[in-house]
Amino acid sequence: MFKPFNKTRFMAQAEVSIKPTEDQGGHGHPDKWKWYDYFTFNVDHKVIGIQYLVTSFLFYLVGGFMAVLMRTELATPDSDFLSPELYNAFLTNHGTIMIFLWIVPAAIGGFGNFLIPLMIGARDMAFPKLNAIAFWLNPPAGALLAASFFFGGGAQSGWTSYPPLSEITANLPQTLWCLALIMVGTSSILGSVNFLVTIWKMRVPSMKWDQMPLFCWAMVATSILALFATPVLAAAMVLLLFDINFGTSFFKPDAGGNVVVYQHLFWFYSHPAVYLMILPIFGIMSEVIPVHARKPIFGYKAIAYSSLTICLVGLFVWVHHMFTSGTAPWMRIFFTISTLIVAVPTGVKIFSWVATLWGGKIRYTTAMLFAVGLLSMFVFGGLSGVTLGAAPFDIHVHDTYYVVGHFHYVLFGGSVFGIYSGVYHWFPKITGRMLNETLGKVHFVLTFIGTILTFTPMHQLGMQGMPRRVAMYDPQFADLNQLVTVGAYILAVSVIPFYFNVLWSWRSGKEAGPNPWNALTMEWTTDSPPIIENWEVLPVLTHGPYEYGMDKAVQVGPAGEPTEATQV
Amino acid sequence: MQGAIDSTTAAAANGHAVEAHEEHQDLRVLGLITFLASEFLMFAGFFAVFLVFRGSNAEWPPKETEVELLLPAVNTLILVSSSWVINLGTKAIKKNDLAGMRKWFGITVAMGAVFLVGQVYEYMNLGYGLRTNLFSNCFYLTTGFHGAHVFIGLVLILGVLWRSRRADHYSSLAHTGPEMAEIYWHFVDVVWIVLFSLIYLLTLIK
């Protein structure tokens, strides 16, 4: 797949860093960032990546807390724990926070910013200041959502905020919600501009397009999607804002407006948004699996181009969310077909990963466990996605718990598992210390069991006709709902070992060294955590990113000196 | 600083460029174009909404909210020709003609301002407002958003003019700022051409 590689790994480049140091009259950076630098407007991509990750993991707790409260309400058929309005506000903000302030910023902002320059041998992103601005749009967006609870009890019309519901309930919170979405959307666009230009133009000269780690390909596809889809969401939010606050009637049927127009604008963004949440995760999978299976990735080009295919096809499937919105039959047929086509490039990836595992020397590290866990979950979630893509079946289960079960399988079993896997894999690089593997395995087992218990019965509930977004339900659904609630509690407990592990290991975990996993991609050639500006001397690429077990390659050992590795 | 640039100035300009992170010059242009591609999609959203409503309403625009045509046509002429004027400005700075750049950029600002004033004048004389009906919703929202972008463009050009008061800030070697202002101005122009065709010219076809 790659040209035969030179045995000397990453040769030092002839030219050295030309940045003047402090005593040469330049304004050199400090050697290391202090803890308070992480709370400032810092332009280092690694600081920004960590800021994204930490912020999003905090929002994850907030969104998870809302889920626990909702599941407690749903433990009994009656509405006896939360007021219905509060329940609505929680379900709206649970969805909004988990999508816009947890998965998107963690997967794209966090891993993307931290890893991309390190993986392509750049000292920073193309536009560091823009990058910092993009991050600092996120905390205020979260603050707006929090504020919406104090000024009118939070937006209540679901994360989709369909009019007319969104225009007649809780106007001020809904306005704040729209503003928050415009802010995270802007952040996403600015981030995407940065990723695209960085990957396009700032690779070390020795790295050709087909030698990039697959995570970079995934981020290219993600960024293109975000660039083309997010502004349309912004347009929808602006129109909604005007309808609510300035007396326009875009989505008011009694004045000639049309609510379905909102749905089109919204889903033109929000369907690609599910690929925004999974493509970077696919990238993480393509990194984690070969490293921990000690095998070259199967089908590098197939995986790379399938990301782009998903990006392209993903722009033309949005109406499958609207099969029951009076959609014309020809549109149902077109969008059923385009939706089912997405399963092809996704299947290409799944089979490539399985083929990578096949005959590999698999190390059951926690990162690998989560990656394999993701494979199983995502296949299941993908299959239920195919069933939902078919218009006849979709009409049957539309707006039931079947849909909730499906998208939690792909978003929790997919995206969240992937983020966990990425954290276990790159935590040593980010902090310089290893996470505790025992705690990690406890975390994995709890998460795995919790996920299955929480989200599988939802399919059954949906098939039986339980509608989603309700605080009260028919007593015949009580048994399965209680099972779901038990699962949700297990998931709530599962984060305890994880957060404890992260906090404890960050201070006093085992020292990791530059390359604890014996990985071949470029981020592992620098110190852990990487120095400011990433390398003293930029590395030169002499081999592909996944050439494990193909030859006796010279490895960079834990202490940084080259060592002969028998099993690379 | 007209005329041929001497080597000292070139070195100084270069040194300045490195300090201000201008080793990524071409990247900034690339970044701006990428961003504008995205920005265009936001207008595309508004245009799509406009077209959907146009298609689904028998009378579009309704009788009481007809659009004015003459003034916007003059405005279009002004805005479109200003794109050509600003291009003369960047061409001048590429030949190290700073005074030329300032002159053409100044004229562009004047033309942009005339456009905005014309737009406001049009708003004030239409006799209907944002809330009148669905058409006026679309009309004011779309032209208003475009107007905001024209305003931002003016601020960018004025920013370039402000920075160019220092003789050595822009030269044939360092002209990313003017170039970016120009690209943005072209963007505003292109959006207007689409907008003018959809909202104004299409009303001629019944």
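## The interface

Buried area is the accessible area, taken with a 1.4 Å probe, that two parts lose on being put together, summed over both. In this predicted model, chain B and chain A bury about 2,400 Å² between them. Carbon and sulfur atoms give 80% of that area. On the side of chain B, the residues that lose the most area to chain A are B:L27, B:S38 and B:L41. Together they make up 19% of what that side buries.

The contact count is 22 residues of chain B against 30 residues of chain A.

## Polar and charged links

How many salt bridges cross the interface of chain B and chain A? The rule finds zero. Polar contacts do occur: three residue pairs are counted between chain B and chain A, with both residues at pLDDT 80 or more.

## The side of chain B

α2(B) gives the most, with 14 residues.

By residue class, the side of chain B that touches chain A divides into 14 nonpolar, six polar and two charged residues.

## Confidence in chain A

Chain A averages a pLDDT of 91. In this chain, 91% of the residues score at least 70.

Over residues 1–26 of chain A, the pLDDT is below 50. This stretch still has 53 contacts in the model beyond near neighbours in sequence. Residues 552–568 of chain A also have a pLDDT below 50. Their contacts beyond near neighbours in sequence number 39 in the model.

Definitions and conventions. Residues are numbered from 1 along each chain as its sequence is written. Chains are lettered from A and ligands numbered from 1 in the order in which they are written. This is a predicted model: local features need pLDDT of at least 70, side-chain atom pairs count only at pLDDT 80 or more; totals for chains, interfaces and linings use all residues. Side-chain values use heavy atoms; hydrogens and water are left out. Contact means heavy atoms within 4.5 Å. A salt bridge is a side-chain nitrogen of Lys or Arg within 4 Å of a carboxyl oxygen of Asp or Glu. A polar contact is a pair of N or O atoms within 3.5 Å; within protein, one must be able to donate a hydrogen and the other to accept it, and residues adjacent in sequence count only if both atoms are side-chain atoms. Helices (H or I, at least four residues) and strands (E, at least two) are DSSP runs, numbered from the N terminus. Ala, Val, Leu, Ile, Met, Phe, Trp, Tyr, Cys and Pro count as nonpolar, Asp, Glu, Lys and Arg as charged, and the others, Gly among them, as polar. pLDDT is the predictor's confidence in each residue, from 0 to 100.
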